[in-house]
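Please keep the sequence and the structure in view while reading the points.

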Amino acid sequence: MRPDRTPWVLGAILAVLLVVGPFAPLWVVFPVTIAIAKGLVALGLMILLRCGLVSFGQALYYCIGAYTAGMLGRVFELDGVFTLMLAGMAVAAATAYVLGFLLARYRGIFFGLLSLAFSMIFYGLLVKSETLGSTDGFNVLPSTLFGIRPADEWVRYAVLAAASSVAFVAALLVHRYLRTPLGSLAPAIKDNEIRVEYMGASARYAIHVKYVIAAALAGLGGGLAATTVGHIDPEMAYWTVSGEFVFITILAGTGNVIAPFLGALIFEGIRNVAFAVSPNTWQMVLGGALLAVIVFLPNGLWSLFRRGRAA
Amino acid sequence: MQRTRKLVASIAAAALCVPALAVAQDAAPIKVGVVTFLSGPAAGPFGVPARNAAEITIEMLNGGKVPKPYDQKGFGGARLQMVLVDESGGTTTQVTEFRNLVQRDNVDVVIGYISSGSCLGIAPVAEELKTLTVFFDCGTPRIFEERDYKYVFRTSSTATMDSVGAALYVKDLKPNAKVIAGLNQNYAWGQDSWGDFELSMKQIFPKIEVATSQMPKLFAGQYNAEISTLLNAKADVIHSSFWDGDLEAFILQAGPRGLFKRSVVVLTTGETAMYKLADKIPDGVVIGARGPYGPYAPDNELNKWYSATFQDRYNVPPNYAAYQMTQAILGTKAAWEKAQAANGGKRPSIDQVIAAFERLTFTGPGGEVRMAIGKGHQAITETAYGVTKKVGGKMTVANVKRYPAETVNPPDGVKAADWIKNGFKK
């Protein structure tokens, strides 16, 4: 058995982000923070994808996380980065726990479409709520760190540092979870659920747990996105956003907990470049680049790092 | 394997170089970030005409070909350089791109934004990055009602003006109106437009009855059920803030069923569709252009030059989005040059431009614009409404009524909704 290098690599990435962050140009710091937020959502999707489930409604929990953060600011004037992220995570997980009783019964396309339906219901509710600004949304208070508001030139780094620390902990915990008996059931559920049941494990329970974990991660990402961007709107629950998360997950591959973050970073990077080089046809550049990855790296970007060792 | 890695590495390196090149520019020209919808449903009616307007205005300014008082080249003699960005992709993407414009491309000023959601999301970021940002089209009055901004300006009136102007026009056109109805898209623009119109009508006609307010989903495309309800409502006046595809679908579906014969239909943004559907819109439909633009633009030297130049280049007359874009660029130019004059002819700092912009009065192709409300950051303009009338097969507007800026806009420091509820008190 190979020594587990993932925690060390994760730690090294965190160290690099924390050390290089203050010297990086600000226009790099912001998309990296956004990529971490989206990477957290994709990390949750990866857990589901490992047992063969694709949720086309993960934007529901992303949006719940964001609106929890926004409402805490609006009603209680809370603005701590960690408070908002954790609150977003808690509300998303609680919602997923309830919906999970229904969703854990379904597989394949039924699971995908049902999750999509829930996110579109939430979108519809937000659009009808005129006091929350309907489709225009509302501003989220500027972030603070442990009650201190960093100076304007440091606030982006502070949020990046907070985000990467939280993502580090989340990735480490998910990595540990995937090695527990419950976590490692995923490929078995994907291959043959009946055998899993014969072994004495409950597939439905395992999926319910995974669904709640995935939602918690999406809520965490949503809370982070809200405090980073400073504005939230119902579009965050729209199905195209869910599609983007699925895309990042597939682009990244399911090989390792680092993969979703790498996928999100590359996705944001390509989009940034595409916007700059061809403002009129950026979608084509983005689509072309992503198509190329699918054609040449069918198992996702992560296969680049694995081919040498495993295969 | 080795080759794949090298390939990926070189692609990544190339990707990193592109923005780096953009930074290495000469400091002398003034870089203007222009943000408007280049894709998606809002691109056709608003985004692309606005982009065309920005292109032609900046080109003409650089050539010194714009009539007085804008005949100086560029802004105060300094050439303008446009950096174009698509407004699609949602607020997160827009905030990222705004930061890219400021921190990577080092633009001096950003002019843009059609969606109110974009404007609300961008305004605090503009303030954080201390970048002069001029909104040209978005409608929500919330921007300067919820917060004071130093770096943010809007050179077009808010959507409140469209609804209040429509209500005043109804008063002139149908003084005996008793029943009204609405058909608006179920999103912020539609909800706010109808909300302001309904409130205004209740102020002007205290006994007015609201038969129905239909709120179909955005981009629904099929309105037969709504049209049936509106036909049954037997309303004297029907208000709709539909735009582009939805507006066209509604006109095509409502025409054959006689809705336009039964009720006076007020289309607050009808101008963007009136030429395209000239043979489908019957006479007598009330058409708005979100201000004194397009067919309602004044007959002055600047407008004659503008509409002729635009028509010449793009083979269509400029619509209101195009007017508003040019208005935003010319307003920024006016502020810039006023600041430069005060600075002894030297290039002004952004703070000086802002000081000159606050409470500025300037003239655009749509007439006089006064930065009178929102502590001098929000423009007010007059507005106009009229009804369609075909003359020799060509679409025109007749029975045009103009409403002065103070009549259709709230005074400084008063929220739009409160102003309407208090009977439009000045």
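1. In this predicted model, His239(B) stands opposite Val266(B) in strand 9 of chain B. Strand 8 (residues 237–240) and strand 9 (residues 264–267) of chain B pair in the parallel sense over four bridges. Strands (E, at least two residues) and helices (H or I, at least four) are DSSP runs, numbered from the N terminus, and two strands pair if DSSP finds at least two bridges between them.

2. Residues are numbered from 1 along each chain as its sequence is written, with chains lettered from A and ligands numbered from 1 in the order in which they are written. Local features need pLDDT of at least 70 and side-chain atom pairs count only at pLDDT 80 or more, whereas totals for chains, interfaces and linings use all residues.

3. Seven strands of chain B form an open sheet of mixed pairing, in the order 7-6-8-9-10-14-15. Strand 7 (209–214) and strand 15 (394–403) of chain B stand at the edges with a single partner strand each, so one side of each has no neighbour in the sheet.

4. Helix 8 (residues 224–233) of chain B packs on this sheet, touching strand 6 (179–183), strand 7 and strand 8 of chain B; its direction makes about 175 degrees with that of strand 7. Axes are lines fitted to C-alpha atoms, for helices over the stretch in contact, and angles run from 0 to 180 degrees between N-to-C directions. Two residues are in contact if their C-beta atoms, placed from the backbone, lie within 7 Å.

5. Chain B is divided into domain 1 (2–157 + 298–380) and domain 2 (160–289 + 382–421), with bounds from an automatic or database domain assignment. Their contact takes 17 residues from domain 1 of chain B and 22 residues from domain 2 of chain B. On the domain 1 side, strand 12 of chain B gives the largest share, four residues.

6. How do helix 1 and helix 6 of chain A run relative to each other? The axes of helix 1 (residues 6–20) and helix 6 (residues 152–179) of chain A come within 10 Å and cross at roughly 175 degrees. The two helices of chain A are therefore roughly antiparallel, a term for angles over 145 degrees. Among the residues making the contact are Leu10(A) of helix 1 and Phe168(A) of helix 6 of chain A.

7. The contact between the chains takes 35 residues from chain A and 34 residues from chain B. On the chain A side, the largest share, six residues, comes from helix 11 of chain A.

Methods
Angles under 35 degrees count as roughly parallel, over 145 as roughly antiparallel, 65 to 115 as roughly perpendicular and the rest as oblique.
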